[in-house]
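Here is my note on the model you sent. Please read the points with the structure open.

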Amino acid sequence: MTAGTTTVDVGGTLSFALDLFEFGGAGIFDGGNLTNAGTVTLQNGTAADTVTVSGDYTGGGRLLIDVDFAADTADTLTVQGAVSGVTSIEIVDVATTTASGNEILVVDTDGLASPSDAFALATGPVSSGAFLYDLEQDTTDLDWYLRSTGQLSSTGAIYEGLRLVLAGFNSLPTMQQRVRQRSSIEGQELWVRFVGDRLDTTPSSSDDGISYESTQTGLQAGADFDLETNGNGRWVIGATMQYGQISADMSGASGTGQIDADGYGIGATGTWFSGSGMYLDFQGQANWISSDIASSAAGTLATGHDSQALAISSEIGQRITLAGGGTLIPQAQVIWGMVDGDAMTDEDGNAVDPGTNDTLVTRLGLAYETDVTDRGQFNAIGNIWHDLSGAQTTNVAGADLSAEAEATWAEIGIGGDLQLAPGQSLYGEASYRTALGGASSDNQGLRLSAGFRMDF
């Protein structure tokens, strides 16, 4: 298309939205200037069209373009002369697959100077897939590009925190939380316990500055069997079944989202009680997880997404009887976990691969126990937890989105054991924990464990 000096008046429209740009995908104002006080549109469903203004361009109106955030292409305005005024750019995302996060050329100034406010997105930063884009002028070539802001869309923020949330299924109990006074009881037992956990946290590192509130509940049941006792101590082995739910409300710089996950699994335990008061406790469990994922940017992203979790724990402790009554129990625990998520294409077209992420958490604790009645016992415990896991990563459209949990937490708790009848007891523990040295004061959690056991 050729023209001399052309003016698009307020309310007027100059359209280059021909069917796939019949004139070779390009329009040109040959030797002329373009003043845009109305609307110039290149939108036709194809994001590879160009219009060249060989003279000066004066803004003041709107420029409508198509953008393909997956192919890193957009309709392009090229200005060979001077640029002045302010133009508001409105875009339509024509991508059929997920955004890449790479920069996309929108206005080519041929290296000539243009004001730093000559072009702007009409609605501010725009979201596509996991990424948030804004319009920026390059300081070297003075061209204008759509570039990732460094922040994620609410969709990206959800996937960034997904692994941290699902790692909650690998949170194994201490021996005391699981079976309480097992060291003083011989024979076979059945037990069942309820667990609840409330966590408010801001990870120590995150591309989008995410934070989330999660609620975890679960039910675990087990059967323990005494093996033959000898003078050196005895082994107790057990089998477990468990079911749990995690619901997490997540927020980031660009929006909110939610993860709701259900997991069920099986496990095994083995504990050695020595005659001198030392114990060694081992746990292992496998869980199968189904997750529903949604974000404020895209709505429902996935329903019933499958993951598998595996966790192993080893704990050592020593019971020390105090002269004035009561018992001190210094203890240490190491928990290794792994969550493996299936790759998928979500309902917004994002190619998502959660991959396999490992966790490694250590605990140093000191417990105190004392009898309060002939049928009841009280205990208090202090723990220092340290997470050695590093960042947890999910790949979205080839980009690794990572977040890392706060490393060190302090926990205090109280609990007890009450004998209801011979061979039947209620037991439980409640605790509060908070992160040490973190950038946010919001890292805190409450945990409750309550159970019932009986001999058989």
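1. Terms first. Two strands pair if DSSP finds at least two bridges between them. Strands (E, at least two residues) and helices (H or I, at least four) are DSSP runs, numbered from the N terminus. This is a predicted model: local features need pLDDT of at least 70, side-chain atom pairs count only at pLDDT 80 or more, and totals for chains, interfaces and linings use all residues. Residues are numbered from 1 along each chain as its sequence is written, and side-chain values use heavy atoms, with hydrogens and water left out.

2. The parallel sheet. Strand E4 (residues 34-36) runs parallel to strand E7 (residues 57-58), and two bridges join them. Thr35 stands opposite Thr58 in E7. The open sheet has four strands in the order E1-E4-E7-E11, with parallel pairing. Strands E1 (6-8) and E11 (83-84) stand at the edges with a single partner strand each, so one side of each lacks a neighbour in the sheet.

3. The antiparallel strands. Strand E23 (residues 278-295) and strand E24 (residues 299-318) run antiparallel and are joined by 17 bridges. They form a hairpin with three residues between them. Trp288 has Gln308 in E24 as its bridge partner. E24 also pairs with strand E26 (residues 327-341), antiparallel, over eleven bridges. There, Ser313 has Ile335 in E26 as its bridge partner.

4. The cores. A nonpolar core is a set of buried Ala, Val, Leu, Ile, Met, Phe, Trp, Tyr and Cys residues joined through side-chain atoms within 4.5 Å. Buried means under 20% relative accessible area, exposed over 50%, partly exposed in between (1.4 Å probe, protein chains only). The largest core has 67 residues; Ile89, Phe119, Leu146 and Tyr159 touch the most other members. Helix H1 (residues 154-166) gives the largest share of this core, seven residues. A second, separate core of ten residues includes Met175, Val236, Ile329 and Ala367.

5. The salt bridges. A salt bridge is a side-chain nitrogen of Lys or Arg within 4 Å of a carboxyl oxygen of Asp or Glu. The whole structure has 15. Glu189 and Arg453 form one (3.4 Å, N to O). Glu189 lies in strand E18 (residues 189-201) and Arg453 in strand E35, so the pair ties together parts 264 residues apart in sequence. Both Glu189 and Arg453 are buried.

6. Another buried pair. Asp197 and Arg433 meet in a salt bridge (2.9 Å, N to O). Asp197 is in strand E18 and Arg433 in strand E34 (residues 424-435), 236 residues apart. Asp197 and Arg433 are both buried.
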